[in-house]
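Please look over the sequence and structure shown below before reading on. This briefing then takes up a few local features in turn.

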Amino acid sequence: MWFGTSSFILAFWFWALAHCGSQTRPRSNMTDQELFWGADQYDFSVVLPAAATECFWHFAHHKERFYLNFMVQWVTGIGLDKHLSVTVNAPSSLLISTVDDAKGQINFEVEETGFYQMCLSNFHNRFNSMQVFLSFGVYYDNIQDPSKGKAEETKEEEEKLNNTFSIIQRATNKVERHVFHIFRYYSFGRISKSADYFLLQSNSRYITWWSMALSLLIITSGYLQLLFLKSLFVSKAENEKPRC
């Protein structure tokens, strides 16, 4: 009896772990439209080694806006070539846009739903690494929730025709879109400010090292001139006249 009860409790415990644990995978009945729906943006920096290529992927829906802003913050080495090659490819491997510059912006309307590939190539610098600041994402305008059917959406629209809540909702969505774009432009301005700061640090180090090198050169040349002038007034023997 005790053995049967223990077996039942153990079996029930394993069943609870299997069915009531944390959900680590998306539900099988969810589509890509529902799983990746929503406006989002990402801001971060990445260091590209010499002659290296880094790629990132981001999901976007049909008829929505995809944007990518980038700027090279600093470059190590001697050449200091800040040119960066950036390409954006569609889910079907079609080339959407390409930019080859120290900073740039890519903005386009999405034609097909899927993961868009962004590749950064530092092939201009064979021996120098660089740090690049990225800001990319998607934003949605006047998009309905894909989990709702067309009948529900039509019914809600009819109910909201004479309801002041629809006016408040449209105004709120408009404000949210404006705030989203404000943060986008603020992020790009922050990128420019950080790039100027790194340029200022680089120029400061450049001036400091060159000043030290020139000061050492002046001191060394003055010392050598002093030794040369001193040698003109020194005679090796007593009966030998000095050269000067």
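The model is predicted. Helix H4 spans residues 164–232 and contains Leu217, which belongs to a nonpolar surface patch. H4 also supplies the largest share of the lining of the second largest pocket.

**Surface patch**
- Tyr206, Ile207, Trp210, Leu214 and Leu217 together make a nonpolar surface patch of about 570 Å².
- Leu217 has a relative accessible area of 54% and counts as exposed, because the cut-off for that class is over 50%.

**Second largest pocket**
- The second largest pocket holds about 360 Å³ of space.
- Its lining is formed by 15 residues, of which Val75, Leu80, Ser202, Asn203 and Arg205 are the closest to the pocket centre.
- Eight lining residues come from H4, and strand S3 (65–75) supplies at least two.

**Loop residues with positive phi**
- Most residues other than glycine have a negative phi.
- Ala51 is located in the loop that joins strand S1 (40–48) and strand S2 (53–60).
- The relative accessibility of Ala51 is 38%, so this residue counts as partly exposed.
- Ser93, also not a glycine, has a positive phi of about 70°.
- Ser93 is found in the loop between strand S4 (84–89) and strand S5 (95–101).
- With a relative accessibility of 64%, Ser93 counts as exposed.

Key:
Residues numbered from 1 in each chain as written. Predicted model: local features only at pLDDT ≥ 70, side-chain atom pairs only at ≥ 80, totals over all residues. Heavy atoms only, no water. Patch = residues over 30% accessible without salt bridge, like charges linked within 9 Å, V, L, I, M, F, W, Y side chains within 5 Å. Areas by Shrake-Rupley, 256 points an atom, 1.4 Å probe, with all protein chains shown as cover. Salt bridge = Lys/Arg side-chain N within 4 Å of Asp/Glu carboxyl O. Helix = DSSP H or I, 4+ residues; strand = E, 2+ residues; numbered from the N terminus. Buried < 20%, exposed > 50% of the residue type's maximum accessible area, 1.4 Å probe, protein only. 1 Å grid on protein atoms, 1.4 Å probe; cavity = no way out; pocket = protein on both sides within 12 Å on 5 of 7 lines; lining within 4 Å. Points joined across faces, edges and corners; volume = space filled by probe spheres on them.
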